[in-house]
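Reader: I'd like to learn how to read a model like this one. Could you walk me through it, feature by feature?

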Amino acid sequence: MLELRYRGSCPGPGEAVSPPPREGEAAGGDHETESTSDKETDIDDRYGDLDSRTDSDIPEIPASSDRTPEILKKALSGLSSRWKNWWIRGILTLTMISLFFLIIYMGSFMLMLLVLGIQVKCFHEIITIGYRVYHSYDLPWFRTLSWYFLLCVNYFFYGETVADYFATFVQREEQLQFLIRYHRFISFALYLAGFCMFVLSLVKKHYRLQFYMFAWTHVTLLITVTQSHLVIQNLFEGMIWFLVPISSVICNDITAYLFGFFFGRTPLIKLSPKKTWEGFIGGFFSTVVFGFIAAYVLSKYQYFVCPVEYRSDVNSFVTECEPSELFQLQTYSLPPFLKAVLRQERVSLYPFQIHSIALSTFASLIGPFGGFFASGFKRAFKIKDFANTIPGHGGIMDRFDCQYLMATFVHVYITSFIRGPNPSKVLQQLLVLQPEQQLNIYKTLKTHLIEKGILQPTLKV
């Protein structure tokens, strides 16, 4: 907690702290009583002094404790700190990758739960930093309102997902129909309640700090909740749109670290002094090659390429379909310079492999800027990591700072170059129309399909 001091000389031991004379009062005036309004003014002045602090006055956040398992500490006790950190990071990385493979095997629903869990943990880590930095101000209802807004925003986004992808299931449940029909109004009402709670919690001379934290909460929601929603949207397009981008970022992170560790000599950016050009360039080429190979392997299996759909008859998610042209082998003519290198004129590729080059290029060239942004954030608040959740790695946010930027790019890429209108959403809108409107649309669609030659005209007797 910060110690509040008035300007002027400090009191000696046992001396009472008396407020400085107010304007219009003698310096040595004798006041036996102090009105309530004077006390409130004195408190407001204290808040005003706190509110006007500069960034250099922000207290340092205590360093996170070391959570490395004792068995690892003993096994690596003879190594230098540099190699000890290398082994800890390596062992934990392999452990996390193994768990990730297990969750992939368990299916799409478990992946969605994983994304939700990561989102909540990242939100918690960023909000905790804000709470620690401004803890001395005792902001009313700050943490409670932050978590309330998290629930509101999640209710809105996940409700939109249910409406888009579970239309057939929703139609069978009358209660869900009401929630989906008025979903946006309910979401707005919930947010409005939180907004009013925030306004009612405002304290005089304390306003600016409270608005700082209000903005802190909303920026955190923008970074975590909206981006995790986009990750799930990508997942519904097919698990491959989820796995290739995420694994490309992981590959870039690992290979850039390895190239930088063994060959790094030239600093890359001041925000991250340990990042080097050698690691950045090595990570780029490694990631592009990895993404191209991973796309080839995953494109062979329906489990990865089919859109994730909910089947009400079996009450579960299914990934069965006739793969689209993106995931069917095509023959391409090679450019002249590649013909000379590969000594062949044509090559068979999955079209998705070409898209994977764009995804992995972004992951290795632009994705790291998400990490640089996070580094700048941590330097601003004098912390090494967001948390100490994973030994050798820091917090969950330290591992997923680049993933959020990647998720946005993949979503924009799909909507711009891949995906057309959403059939589930069109169906949901049709089902809420009046019977006469539905019949009119049916007749129009039937006539259109007959003209296209897709349907045969009905013979009249």
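Predicted model: local features only at pLDDT ≥ 70, side-chain atom pairs only at ≥ 80, totals over all residues.

Reader: Which residues form the nonpolar patch on the surface?

Author: Patches are made of residues with over 30% relative accessible area and no salt bridge; nonpolar side chains (Val, Leu, Ile, Met, Phe, Trp, Tyr) are joined within 5 Å, like charges within 9 Å. Here the members are Leu-79, Trp-83, Trp-87, Ile-91, Ile-254, Leu-258, Phe-259, Phe-262 and Phe-263, with about 760 Å² of accessible area together. Areas like that come from the Shrake-Rupley method with a 1.4 Å probe, and for residues only the protein chains shown count as cover.

Reader: Which helix gives the most to the nonpolar patch?

Author: That's α10, with five residues. Both α3 (81-106) and α10 (239-263) supply at least two residues each.

Reader: How do I read aromatic pairs, and how many does the structure hold?

Author: Rings of Phe, Tyr and Trp (its six-membered ring) pair if their centres lie within 6.5 Å; planes under 30 degrees apart are stacked, over 60 edge-to-face, and the rest tilted. The structure holds 27 such pairs. Take Tyr-148 and Phe-149: they are edge-to-face, 6.2 Å centre to centre with 65° between the planes. Tyr-148 is partly exposed at 21% relative accessibility, whereas Phe-149 is buried at 1%. For Tyr-257 and Phe-261, the ring centres are 6.0 Å apart and the planes at 35°, so that pair is tilted. Those two both lie in α10, four residues apart, or about one turn of the helix. Tyr-257 is partly exposed at 26%, and Phe-261 is buried at 10%.

Reader: Which residues do ring pairs link into a cluster?

Author: Tyr-148, Phe-149, Tyr-191, Phe-195, Phe-198, Phe-211 and Phe-214.

Reader: What about a buried charge: how far from Glu-125 is the nearest side chain of opposite charge?

Author: Lys and Arg count as positive, Asp and Glu as negative, and His and the chain ends are not counted. A salt bridge is a side-chain nitrogen of Lys or Arg within 4 Å of a carboxyl oxygen of Asp or Glu. Glu-125 is buried without one; Lys-121, the nearest side chain of opposite charge, is 4.2 Å away. Glu-125 belongs to helix α4 (residues 108-133). Contact means heavy atoms within 4.5 Å, and leaving aside neighbours within four places in sequence, Glu-125 touches Phe-386, Ala-387, Thr-389, Gly-395, Ile-396 and Met-397.

Reader: And what do the totals say about the protein chain?

Author: Its secondary structure comes to 18 helices and six strands. Of the 461 residues, 37% count as buried.

Methods: Residues numbered from 1 in each chain as written. Heavy atoms only, no water. Buried < 20%, exposed > 50% of the residue type's maximum accessible area, 1.4 Å probe, protein only.
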